Structures are given as structure tokens and as C-alpha cells.
Amino acid sequence: MESFDVAVVGAGPAGSTAALAARRGGADVVLLDRSDFPRDKPCGDGLAPEVFDVLAALGVGDAAAGYPAVPTLRLVSPGGEVVARALHAGTRTIPRQVFDHRLVAAAVDAGVRFRRHRVRSVEQLGDRVVIDGTFTARVVVGADGAGSVVRQALGHPGNPPGHVALAIRGYAPAPAGPPEQRIVTIPGRWPAYAWSFPIGDGRANVGYGELLRGEALTRGYLLAQLGALLPDLELDAATDWRGHHLPLSTRRPAPGRGRLVLAGDALSLINPFTGEGIYYAVVSGTLAGAAAAGAVSATGGADVADRYRRALTRRLGGHLRHTAVAARLGRWPRLADAAVRAARDDQRVFDTLLAVGLADGRLTPAALWRIARRL
Ligand SMILES: Cc1cc2nc3c(=O)[nH]c(=O)nc-3n(C[C@H](O)[C@H](O)[C@H](O)COP(=O)(O)OP(=O)(O)OC[C@H]3O[C@@H](n4cnc5c(N)ncnc54)[C@H](O)[C@@H]3O)c2cc1C
């Protein structure tokens with residue numbers, strides 16, 4: 001049996017950042033994934049600039065190399081209101097095959113041990129956690145995504161209908177014209193939207209996602225919705241169609257218990273407005289890794305769950321409260337229309353909405369007032 005201070009299950013953005021942060025904190029770390037890297041992950045590949053701030057603080061300065069910033073976002077509300085405005089410098093589309101591989105490589109360069117291994121069982125035995133009878137660690141970070149095995153070991157089921165979305169994505173020829181991120185929402189099925197995110201290599205990541213309400217959604221239905229909302233896309237020429245679930249932050253389990261903690265999608269941290277999850281994955285991963293290293297050196301790992309819960313509440317607690325309220329309000333399509341009208345009138349409202357939808361922003365009284373006036 002191989003023995004480590006910290007074992008991280010899953011090497012997506014949450015797992016790689018957790019492994020890096022734990023390693024930077026002085027821990028001996030193993031990073032386990034069922035796949036070898038590079039590997040694909042169904043995703044819109046849209047990355048807010050704040051993601052790169054978190055990575056830079058971990059010493060990963062080159063995660064965006066070769067991928068240009070997308071200058072504009074065009075957003076169509078459920079009622080057909082349109083806003084097109086400048087994005088914060090540094091919003092990019094980077095295929096996960098590239099992005100995730102860069103993060104794993106940074107972790108390995110920092111001294112993290114990577115093992116290809118599909119985790120099936122996680123047991124807390126005394127002062128250690130045993131994984132499949134093959135690895136032991138003082139602390140385990142579960143960063144194994146939407147179907148997390150570590151979350152199941154903690155006794156938490158997946159998110160129920162109303163708190164989980166389904167989305168499909170493919171790679172299509174980029175639409176003609178200047179590069180812009182396009183998001184088109186839909187009346188009737190709201191919250192739901194189609195997107196087209198240019199990558200900068202002649203392709204765009206395109207897709208459609210919708211909140212699950214209990215009924216199954218077929219691939220044919222999702223693709224038909226995408227074609228109807230973005231009719232100029234050449235979907236016949238698109239490749240690599242893949243779908244996946246998005247556990248939304250409106251229903252989250254406790255972040256950890258004993259020597260097990262959860263990060264990223266395993267903790268249901270996806271933004272309920274936008275489906276953005278990578279920012280929350282790298283923030284929670286970083287906090288989980290730092291808590292793991294701190295707990296191992298202070299208490300042999302025993303207090304990791306408390307440390308992590310406190311750090312997560314400090315960093316994301318206010319934002320998560322705001323998004324929970326905003327998600328309830330935002331399900332009213334007229335309010336979403338008013339928000340888009342207000343964002344068209346005022347760059348500050350646009351920026352506030354982006355910060356709430358893509359990073360750890362909060363709804364300001366000024367933005368709420370401007371939206372209310374446009375109802
Ligand atoms: C279609 C779609 C579009 C999206 N678009 C965007 C977007 O544009 N921007 C954005 O920010 N977010 C987007 N998201 C959400 C984003 O993809 C996730 O929030 C993000 O991947 C979460 O990262 P993670 O590290 O928590 O999990 P993941 O990226 O899912 O990584 C989990 C890792 O764990 C591994 N794993 C799983 N089970 C096991 C096991 N038993 N043993 C070992 N390894 C295991 C997997 O192989 C994987 O590498 C989208 C999601 C979907 C489905």
C-alpha cells in the first residue's frame with residue numbers, strides 16, 4: 001500500500017489546484033484520476049479572468065498561453081432583450097484537453113505524484129483513509145466531479161431535480177465576424193441557454209444546457225434547441241459532441257467530515273445562473289489543499305473538515321448566499337429581461353452581473369435598483 005499525507009481524487013481543475021496547494025503547503029501528495037492526461041471533459045471551456053488570478057497565486061502563470069482573450073459578450077434574454085458589451089480583459093476559451101493537462105503538469109512539476117487509478121472505495125479507518133486497499137492518506141480531497149465517489153462515501157446523494165442541469169457541447173467552425181461570446185436564453189424552458197464561445201483557432205465551443213426538472217432530456221432534444229437558438233452555427237460540421245451533468249450550488253452537501261473534504265463539482269459549486277464551475281473548482285480546490293496541508297502538520301489531519309469549512313465560508317459564503325437569492329428571483333423571466341435591459345444601459349450593471357455569474361461577486365444595491373427600474 002502506498003502512503004501519503006494527502007490523496008486527491010480527480011485531476012480536473014479542483015483536484016489539480018488542491019494537489020498543488022497541498023504540495024505548496026509542504027504535504028506529500030498523490031493525485032489520482034481514472035484517465036491519463038491530456039483528456040477531454042465536456043465543458044463550454046469558457047474561463048473568466050478570475051480563474052487565472054487564482055492560478056497565478058498558486059504559481060501557475062502560463063495556463064492561458066496561446067489562447068487569445070475574447071473581447072465581447074452578446075447576451076439575449078428570455079424575452080429577446082440584447083446586450084453586447086466589452087468583457088473583462090482575459091476572458092478566454094481553452095479546450096479542457098489543454099487547460100486541465102496544463103494544471104496536472106504544473107502539479108507534477110511541483111512534486112505531486114500522479115497515478116492513473118479509478119477510485120471505487122474510500123474508508124476512514126482510525127487516523128488514516130484507505131482508498132481501494134491501494135493507497136492510504138491522512139486526508140482525502142474528493143474532487144471527482146459530478147458523480148463523485150468520495151461524496152457517496154460521505155453519504156451524500158447527488159443533487160435532486162431542480163438543482164442539477166444537463167448540457168451538451170461540441171466543436172463547430174467559428175461563426176463569421178469579430179470574435180464574441182454569444183449566449184442566447186430561451187423563453188418557456190428558462191433557465192436554459194445556448195452558447196457559442198470562439199477559441200481563436202477557427203473553432204468555437206458550442207452547446208446547449210437546461211435545468212433538469214425530473215424528466216429525461218435526450219441528445220436529439222438538446223441539439224435541436226441549440227440549432228433553433230443559434231441557427232447560423234454549422235452544426236453538421238461540428239465534432240466531439242458530449243454531454244454531462246452540472247450540480248448547481250443551490251443544493252450543496254456539507255463540505256467535509258472527518259478526514260474527507262469535497263471540492264468543485266463534487267461539492268455542487270456550479271453557478272446556477274451561468275453553469276460556470278471552473279472558477280469555483282479552482283477556488284475550492286486551492287482552499288481544500290491548503291486546509292489539508294495545514295491540518296496534516298497541525299493535527300495529523302484530524303481537523304481538516306473544520307479548517308476547510310471555515311475557509312470556504314470566508315471566501316465564498318457571501319457570494320453563495322447572493323446567488324441562491326438571485327437564482328430564485330432570476331427564474332422569473334421578466335426579471336432576467338429587466339437585468340439585460342439595465343446591463344445594456346449601464347456598464348456597471350453588466351460588470352456586476354458578470355461578477356455574480358462568473359466569479360465571487362455580490363448583487364449590489366445600486367445594480368438591484370437599476371434592474372428594478374427597468375422592470
Ligand atoms: C456541457 C458543459 C459546459 C460547461 N461549460 C462551462 C464553462 O464554459 N465554464 C465553466 O467554468 N464551467 C463550465 N461547466 C462546468 C465545468 O465543466 C465544471 O464545473 C468543472 O469541470 C468542475 O471541475 P472539477 O475539477 O470539480 O470536476 P471535473 O472537471 O469533472 O474533474 C473530475 C475529475 O475526476 C475524475 N474522476 C471522476 N471519478 C473518478 C474516480 N472514481 N476515480 C478517479 N478519478 C475520477 C475525472 O476523470 C475527472 O478528471 C460546464 C459543464 C458542462 C457539462
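How many aromatic pairs does the structure hold? The structure holds 6 of them, where rings of Phe, Tyr and Trp (its six-membered ring) pair if their centres lie within 6.5 Å. This is a predicted model, in which local features need pLDDT of at least 70 and side-chain atom pairs count only at pLDDT 80 or more, while totals for chains, interfaces and linings use all residues. Residues are numbered from 1 along each chain as its sequence is written, and side-chain values use heavy atoms, with hydrogens and water left out.

**Aromatic rings**

- A pair of aromatic rings is described by the distance of the centres and the angle of the planes.
- Phe52 and Phe99 make an edge-to-face pair, with 6.4 Å centre to centre and 85° between the planes; planes over 60 degrees apart count as edge-to-face, under 30 as stacked and the rest as tilted.
- This pair links distant parts of the chain, 47 residues apart: Phe52 sits in helix H2 (residues 49-57) and Phe99 in helix H3 (residues 96-109). Helices are DSSP runs (H or I, at least four residues) and strands likewise (E, at least two), numbered from the N terminus.
- Phe52 counts as buried because its relative accessibility is 15%, and Phe99 counts as buried because its value is 0%. Buried means under 20% relative accessible area, exposed over 50%, and partly exposed in between (1.4 Å probe, protein chains only).
- Tyr279 and Tyr280 also pair edge-to-face, at 5.2 Å centre to centre and 80° between the planes, and both Tyr279 and Tyr280 are buried.
- Tyr193, Trp195 and Phe197 form one aromatic cluster.

**Contacts with the ligand**

- Around the ligand are 36 residues, each with a heavy atom within 4 Å of it. Asp33, Gly44, Arg96, Val119 and Asp265 come nearest.
- An oxygen atom of the ligand is 2.7 Å from a side-chain N or O atom of Asp265, and an oxygen atom of the ligand is 3.2 Å from a side-chain N or O atom of Lys41.
- A ligand nitrogen atom lies 2.9 Å from a polar backbone atom of Val119.
- The protein covers 96% of the 1000 Å² of accessible area that the ligand has on its own, by the Shrake-Rupley method with a 1.4 Å probe.

**The shell around the ligand**

- Elements giving two or more residues to this shell are helix H1 (13-24), strand S13 (192-198), strand S15 (239-247) and helix H6 (278-299).
- The ligand lies between domain 1 (2-66 + 94-159 + 249-323) and domain 2 (164-247), because both give residues to the shell.

Terms used
A polar contact is a pair of N or O atoms within 3.5 Å; within protein, one must be able to donate a hydrogen and the other to accept it, and residues adjacent in sequence count only if both atoms are side-chain atoms. Domain bounds come from an automatic or database domain assignment.
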